[in-house]
Amino acid sequence: MSDERFMRRALELARRAEGEGEVPVGSVVVLGSEIVGEGWNRPIAASDPTAHAEIQALRAASSALKNYRLTGATLYVTLEPCEMCIGAMFHARIARAVYGATDPKKQVLKSKVVLEGGVLAAESGALLSGFFAARR
């Protein structure tokens, strides 16, 4: 397995994003030695703030494998992933992530969203508990 080989493909996809007027970030998901998903930044074209290269690659891989769990896969991306993408990798069971450039803005990005919890917490928790108890 060659990290450079897969990162070169991610760079090709980043150039595609750039050609479409997007921030040039590309990503591939690899299982074994095969690329199973590819993506490039598309938030502007898709009018979707979640359409980061990593998310696009995860969606493509999940679709190709018909499984949202990508256990054991490696994700390559040309820019250090944001928290949203890291969370998506966690839920997809990505085993390893390899990135190119460090994101200089990552440390200064602070959320302006006020997060408040506890509203109808008991009911919300009961719904989730019931769901998972029924699945066991």
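Q: In which helix is Phe131 found?
A: In this predicted model, Phe131 belongs to helix H5, which covers residues 121-135.

Q: What makes Leu128, Phe131 and Phe132 a nonpolar patch on the surface?
A: A patch of this kind takes residues with over 30% relative accessible area and no salt bridge, with nonpolar side chains joined within 5 Å. Together, Leu128, Phe131 and Phe132 have about 300 Å² of accessible area.

Q: Why is Ala17 called buried?
A: The relative accessibility of Ala17 is 0%, and buried means under 20%, so Ala17 is counted as buried. Ala17 lies in helix H1, residues 3-19, and, when residues up to four places away in sequence are not counted, touches Glu22, Val23, Pro24, Val25, Trp40 and Asn41.

Q: How far are the C-alpha atoms of Ala17 and Asn41 separated, and how many residues apart along the chain are they?
A: Their C-alpha atoms are separated by 5.7 Å, although Ala17 and Asn41 are 24 residues apart along the chain. For the protein as a whole, residues 24 or more positions apart account for 47% of the contacts with a separation of 6 or more.

Q: Why is Thr74 described as buried?
A: Thr74 has a relative accessible area of 7%; the class requires a value under 20%, and Thr74 is therefore buried. Thr74 is placed in strand E3 and, leaving aside neighbours within four places in sequence, is in contact with Val28, Val29, Val30, Arg96 and Val98.

Q: What makes strands E1 and E2 a pair?
A: Strands pair if there are at least two bridges between them; six bridges join E1 (residues 26-31) to E2 (residues 34-40), so E1 and E2 qualify as a pair. They run antiparallel, with Ser27 opposite Gly39 in E2. E1 and E2 form a hairpin with two residues between them, and Gly32, in the turn, has a positive phi of about 70°.

Q: Which residues have the most contacts inside the largest nonpolar core?
A: That core has 16 residues, and those with the most contacts inside it are Val29, Leu58, Leu70, Leu75, Met89 and Ile94. Helix H3 (53-65), strand E3 (74-79) and helix H4 (83-92) each supply at least two of its residues, and H3 gives the most, with five. Leu58, leaving aside neighbours within four places in sequence, is in contact with Val29, Leu70, Leu75, Ala88, Met89, Ala92 and Ile94. Apart from this core lies another, of ten residues, including Met7, Ala10, Val30 and Val98.

Q: What pattern does the protein follow along the sequence?
A: The five helices and four strands follow the pattern α-β-β-α-α-β-α-β-α. Buried residues make up 32% of the 136 residues, while the protein exposes about 9000 Å², of which carbon and sulfur atoms supply 58%.

How values were computed: Residues are numbered from 1 along each chain as its sequence is written. This is a predicted model: local features need pLDDT of at least 70, side-chain atom pairs count only at pLDDT 80 or more; totals for chains, interfaces and linings use all residues. Side-chain values use heavy atoms; hydrogens and water are left out. Patches are made of residues with over 30% relative accessible area and no salt bridge: like charges are joined within 9 Å, nonpolar side chains (Val, Leu, Ile, Met, Phe, Trp, Tyr) within 5 Å. Accessible areas come from the Shrake-Rupley method with a 1.4 Å probe; for residues, only the protein chains shown count as cover. A salt bridge is a side-chain nitrogen of Lys or Arg within 4 Å of a carboxyl oxygen of Asp or Glu. A nonpolar core is a set of buried Ala, Val, Leu, Ile, Met, Phe, Trp, Tyr and Cys residues joined through side-chain atoms within 4.5 Å. Buried means under 20% relative accessible area, exposed over 50%, partly exposed in between (1.4 Å probe, protein chains only). Contact means heavy atoms within 4.5 Å.
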